[in-house]
Amino acid sequence: AGGANKAAAIVKELNEFTAKTPFQLQEVSSAARQLLAVGTTRSALQDRLKMLGDIAASSGNSISDISAIFAKVQAKGKVELENLNQLAERSVPIFDALRKVTGDANMEFGAGAVSVDQFNDALAGMTKEGGLAAGAMENLSQTVEGRLTTLMDNLGIELSKAAEKTGITKKFGRLLESATESLQGLSGVAESDVAAALGMAEEAMEGF
């Protein structure tokens with residue numbers, strides 16, 4: 001029972017985290033699994049997800065994609081040039097970030113040149129106040145696309161709560177009205193997008 005309760009608590013935390021980001025729950029859950037698999041503690045999970053999510057949002061990547069590269073480094077216990085190139089190819093300025101961490105403007109990146117701690121510090125530095133990725137998830141969530149994703153994540157959470165209570169039909173009606181108003185209030189969102197979003201909500205309810 002303890003394991004089940006812990007798992008349920010983690011799922012709840014991931015839902016709440018996702019609802020504040022421009023990412024879908026599926027990719028956040030995938031990122032979390034990757035991090036937990038390489039020894040990230042539950043207490044550190046949210047901070048790791050925020051760091052990697054901000055980097056992903058600032059560079060136009062999926063949080064699960066960036067987390068996979070991060071997790072590989074943690075699992076190996078060493079940083080290979082391939083890992084750095086994978087980030088650089090995804091528009092993450094990891095080489096510049098490492099130069100800042102080491103203070104070596106002419107740093108070479110051959111085998112064994114970068115420690116795991118330096119790698120982690122470089123990523124963390126991007127997301128600190130003043131860093132190029134600071135607050136990137138929050139900023140992206142304010143865009144039309146990001147706000148639509150966030151709204152649907154929040155709607156999904158409310159539908160799950162509603163399913164556990166009586167009067168679900170009435171509450172679902174109110175949720176749809178609220179979703180419609182919110183979606184229509186987003187600049188540049190077409191009526192077809194509103195209809196599609198509401199259709200998704202209705203399909204989710206069919207299983208209840």
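In what order do the elements of the chain run from the N terminus on? After that, look closely at helix 7: which residues in helix 4 and helix 7 meet?

A: Start with the whole chain. This is a predicted model: local features need pLDDT of at least 70, side-chain atom pairs count only at pLDDT 80 or more, and totals for chains, interfaces and linings use all residues. Residues are numbered from 1 along each chain as its sequence is written, and side-chain values use heavy atoms, leaving out hydrogens and water.

From the N terminus on, the order is α-α-α-α-α-α-α-α-α-α-α. That makes 11 helices and 0 strands (DSSP runs numbered from the N terminus: H or I of at least four residues for helices, E of at least two for strands). The chain has 208 residues, and 39% of them count as buried (under 20% relative accessible area; exposed is over 50%, partly exposed in between, with a 1.4 Å probe and protein chains only). Take the contacts (heavy atoms within 4.5 Å) between residues at least 6 apart in sequence: 62% join residues at least 24 apart.

Now go to helix 7, residues 116-127. Begin with its partner helix 4, residues 63-76. Their axes come within 10 Å and cross at roughly 155 degrees (axes are lines fitted to C-alpha atoms, for helices over the stretch in contact; angles run from 0 to 180 degrees between N-to-C directions). Helix 4 and helix 7 are therefore roughly antiparallel (over 145 degrees; under 35 is roughly parallel, 65 to 115 roughly perpendicular, the rest oblique). On helix 4, look for F70, V73 and Q74; they meet V116, F119, N120 and L123 of helix 7. This contact has 5 nonpolar residues, 2 polar and no charged (Ala, Val, Leu, Ile, Met, Phe, Trp, Tyr, Cys and Pro are nonpolar; Asp, Glu, Lys and Arg are charged; the others, Gly among them, are polar).

Next, the rings. The count is 2 aromatic pairs (Phe, Tyr or Trp rings, the six-membered one for Trp, with centres within 6.5 Å; planes under 30 degrees apart are stacked, over 60 edge-to-face, the rest tilted). F70 and F119 have ring centres 6.4 Å apart and planes at 25 degrees, so this pair is stacked. F70 sits in helix 4 and F119 in helix 7, so the pair ties together parts 49 residues apart in sequence. Both F70 and F119 are buried.

F95 and F109 form an edge-to-face pair, 4.8 Å centre to centre with 65 degrees between the planes. F95 is in helix 6 (residues 94-102) and F109 in the loop between helix 6 and helix 7, so this pair ties together parts 14 residues apart. F95 and F109 are buried too.

Helix 7 also packs on helix 3. These axes come within 9 Å and cross at roughly 70 degrees. Helix 3 and helix 7 are therefore roughly perpendicular. Helix 3 supplies R48, M51, L52, D54 and I55; helix 7 supplies N120, L123, A124, M126 and T127.

Last, step from helix 3 to helix 2. Helix 2 (residues 25-37) and helix 3 (residues 42-59) pack at about 120 degrees, with axes 10 Å apart. They are therefore oblique to each other. V28, A31, A32, L35 and L36 of helix 2 touch L45, R48, L49 and L52 of helix 3. The residues of this contact are 8 nonpolar, no polar and 1 charged.
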